[in-house]
Structures are given as structure tokens and as C-alpha cells.
Amino acid sequence: AGMQAAAIEAGIGEKVCFNRVGAMMCCFFTPGPVTDFASASRSNTQAHAAYFHTMLDEGVYLAPSQFEAMLVSSAHTDADVDLTLNAAKLAFAAAAKVM
């Protein structure tokens, strides 16, 4: 919910699709739904690159491919989640500039 809120705050909530199962989530820079490789391939790779590099600059290390999932585990603290959501606000704003 926090990631979706960050995308909405950046003005691209309708242009981002989140797929989630349990603690596993993937963010696609396409309106969605994303249900297979063909629909995932419609993602905006420039927006993902801006998002990825901003997250990295803010100390959040994600898999470099937009086709890989993010995972939350019991090892992540509330501070880790807060850091990630604050970074996501900046990252979605960066992505919005190239969408």
C-alpha cells in the first residue's frame, strides 16, 4: 500500500501496476494488468531505470531487472520499510519525469 501511495503521490499511480503475492511484489511501469511476459514487456523501461537508480542512490538495493520481485522479510525493520517508502517517493517522482 505504501508503494502504491508513493506512485499516486508522484502522479503516476494509474501508470504503475503492482503484482503481489504474500511478501513478494513486483512493480511494472505499465497500466496493467500484468499477467504474462507479453503484458510485462509493455513496461516503460526508461521509467524503471529512473526508479531503480534513484532507489539505489537512496540506499535501497533492488534487483536491476523490472522482471524480478522485491521481497519483504522478518529481517526488515520498521526503519527499513520507512527508508524504502521515503526512497520510493523520490524514485516514482524521477520515473514520472520520463513517462
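In helix α4, the buried residues are Ala 87, Ala 88, Ala 91, Phe 92, Ala 94 and Ala 95, where buried means under 20% relative accessible area, exposed means over 50%, and partly exposed lies in between, using a 1.4 Å probe and protein chains only. Helices here are DSSP runs of H or I with at least four residues, strands are runs of E with at least two, and both are numbered from the N terminus. What we are looking at is a predicted model, in which local features need pLDDT of at least 70 and side-chain atom pairs count only at pLDDT 80 or more, while totals for chains, interfaces and linings use all residues. Residues are numbered from 1 along each chain as its sequence is written, and side-chain values use heavy atoms, with hydrogens and water left out.

Staying with α4, this helix runs over residues 78-96, which is 19 residues, and it reaches 27 Å from its first C-alpha to its last, close to the expected 27 Å; that expected span is 1.5 Å times one less than the number of residues. The cover over its buried residues includes α1 (2-9), β1 (17-21), β2 (24-28) and α3 (45-57).

Let me take α3 next. With 13 residues, α3 reaches 18 Å from its first C-alpha to its last, close to the 18 Å expected at 1.5 Å a residue. Its buried residues are Ala 47, His 48, Ala 50, Tyr 51, Phe 52, Thr 54 and Met 55, and what covers them includes α1, β3 and α4.

How do these two helices meet? Two packed helices are described by the angle between their axes and the distance between the axes. The axes of α3 and α4 come within 8 Å and cross at roughly 145 degrees, the axes being lines fitted to C-alpha atoms over the stretch in contact, with angles that run from 0 to 180 degrees between N-to-C directions. On the α3 side the contact is made by Ala 47, Ala 50, Tyr 51, Thr 54 and Met 55, and on the α4 side by Thr 84, Ala 87, Ala 88, Leu 90, Ala 91, Phe 92, Ala 94 and Ala 95, contact meaning heavy atoms within 4.5 Å.

Now to the cores. In soluble globular proteins, nonpolar side chains tend to be buried together. In this model the largest nonpolar core has 21 residues, and those with the most contacts inside it are Met 3, Val 16, Phe 18, Phe 29, Tyr 51, Met 55 and Phe 92; such a core is a set of buried Ala, Val, Leu, Ile, Met, Phe, Trp, Tyr and Cys residues joined through side-chain atoms within 4.5 Å. The elements giving two or more residues to this core are α1, β2, α3 and α4, and the largest share, 5 residues, comes from α4. Apart from this core lies another, of 5 residues, among them Cys 17, Cys 26, Phe 28 and Val 34.

Cys 17 sits in strand β1 and counts as buried because its relative accessibility is 9%. Leaving out residues up to four places away in sequence, Cys 17 touches Cys 26, Cys 27, Phe 28, Thr 30, Pro 31, Gly 32, Pro 33 and Val 34. Cys 17 and Ala 40 are 23 residues apart in sequence, and their C-alpha atoms are 9.7 Å apart in space.

Is Pro 33 buried or exposed? Pro 33 is exposed, since its relative accessible area is 62%. Beyond its neighbours within four places in sequence, Pro 33 is in contact with Cys 17 and Ser 39.

I will finish with His 48 and Pro 64. His 48 is found in helix α3 and counts as buried because its relative accessibility is 8%, and it touches Phe 29, Pro 64, Ser 65 and Gln 66, again not counting residues up to four places away in sequence. Pro 64, by contrast, is found in the loop between α3 and β3 (70-71), and counts as exposed because its relative accessibility is 59%. Leaving aside neighbours within four places in sequence, Pro 64 is in contact with His 48 and Phe 52.
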